[in-house]
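Biologist: I am new to reading models, so please walk me through one feature at a time.

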Amino acid sequence: MAPIADKPRGRANDVDIHVGQRIRLRRTIMGLSQEKLAAALGLTFQQVQKYERGANRVGASRLFDLARILEVPVGFFFDGLAPAEPEPPVAPPSDIPTPPAVGMELKRETLELVRAFHCISDPIVRRRVYDLARALADRALANHDMGR
């Protein structure tokens, strides 16, 4: 096993940054402020800010608490990271949105849409909204492929 390199002083570790971005993504989708998340964790909002920037590393027990509060599996925080060794891809649960390609920012409109979708409590209506969005996207892709 290769030794794990120390991070250079003053620079956050790439994994810590990624985990922080996933914390922020899920917190935002759920409509939680940093203050509310901090209160649920028994921390200050500044500590949550440091986690989200990757400036402070999130310990295992804290990550477990975050997963419980944000209602995601612990693995959610690592989705999208390149594995050390190739592994077969595993599909994320269908109700947890995944961000676009690394480096792309989610637009506020997208976050608002996802938040609104999650507010639909009737599973039949929720499914119909999903089916409508999927049909519109499929049609747009088909038109694009046909050169329209």
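Modeller: Let's start with a backbone angle: just after helix 2, Gly42 takes a positive phi of about 75 degrees. Helices (H or I, at least four residues) and strands (E, at least two) are DSSP runs, numbered from the N terminus. This is a predicted model, where local features need pLDDT of at least 70 and side-chain atom pairs count only at pLDDT 80 or more, while totals for chains, interfaces and linings use all residues. Residues are numbered from 1 along each chain as its sequence is written, and side-chain values use heavy atoms, with hydrogens and water left out.

Biologist: Which residue has a positive phi although it is not a glycine?

Modeller: That is Glu71, with a phi of about 60 degrees. Look for Glu71 in the loop between helix 4 and helix 5 (108-119). Glu71 is exposed, with a relative accessible area of 57%. Buried means under 20% relative accessible area, exposed over 50%, and partly exposed in between (1.4 Å probe, protein chains only).

Biologist: How many helices and strands are there in the protein?

Modeller: The protein has six helices and zero strands. Read from the N terminus, its elements run α-α-α-α-α-α. Of its 148 residues, 22% count as buried.

Biologist: Which residues of helix 2 are buried?

Modeller: Here is the general idea first. An α-helix has 3.6 residues a turn, so residues three or four places apart point the same way. In helix 2, the buried residues are Gln34, Leu37, Ala38 and Leu41. Seen down the axis of helix 2, these buried residues fall within an arc of 100 degrees, so they line one face of the helix. The arc is that of the directions from the helix axis to the C-beta atoms. On the other side of helix 2, Lys36 and Ala39 are exposed.

Biologist: What do the buried residues of helix 2 pack against?

Modeller: They pack against helix 1 (14-29), helix 3 (45-53) and helix 4. Contact means heavy atoms within 4.5 Å.

Biologist: Which residues are buried in helix 3?

Modeller: In helix 3, the buried ones are Gln47, Val48, Tyr51 and Glu52. They cover an arc of only 140 degrees around the axis, which puts them on the same side of helix 3. The buried residues of helix 3 pack against helix 1, helix 2 and helix 4.

Biologist: At what angle do helix 2 and helix 4 pack?

Modeller: Axes are lines fitted to C-alpha atoms, for helices over the stretch in contact, and angles run from 0 to 180 degrees between N-to-C directions. Helix 2 (residues 34-41) and helix 4 (residues 60-70) pack at about 120 degrees, and their axes are 10 Å apart. Helix 2 and helix 4 are therefore oblique to each other. Angles under 35 degrees count as roughly parallel, over 145 as roughly antiparallel, 65 to 115 as roughly perpendicular and the rest as oblique. The crossing of helix 2 and helix 4 is right-handed. A crossing is left-handed if the near helix is turned anticlockwise from the far one by less than a right angle, and right-handed if clockwise.

Biologist: Which residues of helix 2 and helix 4 meet?

Modeller: From helix 2, Leu37, Ala40 and Leu41 meet Arg62, Asp65, Leu66, Ile69 and Leu70 in helix 4. The residues of this contact divide into six nonpolar, no polar and two charged. Ala, Val, Leu, Ile, Met, Phe, Trp, Tyr, Cys and Pro count as nonpolar, Asp, Glu, Lys and Arg as charged, and the others, Gly among them, as polar. Take Ala40, which is found in helix 2: at 46% relative accessibility, Ala40 counts as partly exposed.

Biologist: How do helix 1 and helix 4 pack, and at what angle?

Modeller: Helix 1 and helix 4 pack at an angle of about 20 degrees, with their axes 10 Å apart. Helix 1 and helix 4 are therefore roughly parallel to each other. Their crossing is left-handed. Val19, Ile23, Arg26 and Arg27 in helix 1 meet Leu63, Leu66 and Leu70 in helix 4, and the residues of this contact comprise five nonpolar, no polar and two charged.
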